[in-house]
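Please read the points below with the sequence and the model side by side. They move from the chain as a whole to one local detail.

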Amino acid sequence: MKKVLVVNSNPKPESMSYGLRLASHYVNEIKANADVAVTTVNLYEEHIPLIDGEVLDAWGKAAQGADLSQGQQAVLGRMNEILEQFLAADMVVFVSAMWNLSYPPLLKAYIDNVVIAGRTFRYTAEGPQGLVGDKKVVHIEARGGDYSQAPGFQFANNYLQAVMGFIGITEYENVVVEGMNATPDKAEELLEAAKVRATESVKRHFSLV
């Protein structure tokens with residue numbers, strides 16, 4: 001049985017989010033067509049540690065074999081839980097909205113918990129090397145404007161694809177629904193078209209074509 005991890009970084013209820021509605025369609029298509037176990041992590045409902053002074057100090061102490069405070073042990077333990085869950089998945093579906101040309105801040109915080117030197121990448125004489133392979137990533141993204149012809153403004157997806165490649169994940173796809181705020185009279189039509197693309201994506205990834 002394949003494991004699918006859905007990482008949702010949109011705090012809105014599904015009824016108020018085109019991205020979440022598209023993600024729900026995507027997951028339902030997977031469940032209907034493949035033998036999978038789906039786990040959803042809602043980042044705004046979970047404790048996602050930030051890289052702060054305590055974490056940096058804890059990493060430094062751990063590298064030196066020094067004792068950690070109880071708080072530091074707890075935060076590094078939580079970060080390891082997040083990382084292990086990510087590593088255990090066969091497919092990770094990130095769900096995000098474009099906020100001010102970028103991504104919700106907790107998505108960056110989540111990524112900082114899984115991009116860890118020695119675990120998901122390492123430094124070599126030839127440069128950084130990703131250690132995570134044989135994993136699929138799909139980024140379901142909602143953009144209020146239409147940025148399909150403006151790749152320079154697709155910062156969120158460009159970053160996510162780059163950082164996944166950095167840790168060795170090359171099987172990556174972006175499924176977008178966009179333009180709903182720019183053309184609200186066509187919003188539902190745009191969503192339905194995105195659902196068609198989502199269904200095609202599921203078929204490709206699960207060899208259903």
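1. Of the 209 residues of the protein chain, 43% count as buried, where buried means under 20% relative accessible area with a 1.4 Å probe and protein chains only. This is a predicted model, in which local features need pLDDT of at least 70 and side-chain atom pairs count only at pLDDT 80 or more, while totals for chains, interfaces and linings use all residues. Residues are numbered from 1 along each chain as its sequence is written, and side-chain values use heavy atoms, with hydrogens and water left out.

2. The protein chain holds six helices and seven strands, taken as DSSP runs (helices H or I of at least four residues, strands E of at least two) and numbered from the N terminus. Their order along the sequence is β-α-β-α-α-β-α-β-β-β-α-β-α. The radius of gyration is 18 Å, close to the 17 Å of the globule rule for 209 residues, so the chain is as compact as a globular protein of that length; the radius is taken over C-alpha atoms, and the rule is 2.2 Å times the number of residues to the power 0.38.

3. Among contacts (heavy atoms within 4.5 Å) between residues at least 6 apart in sequence, 76% join residues at least 24 apart.

4. Strand S4 (residues 121-124) pairs with strand S5 (residues 127-130) in the antiparallel sense over four bridges, pairing being assigned if DSSP finds at least two bridges between two strands. A hairpin of two residues joins S4 to S5, and Tyr123 stands opposite Pro128 in S5.

Technical notes
Buried means under 20% relative accessible area, exposed over 50%, partly exposed in between (1.4 Å probe, protein chains only).
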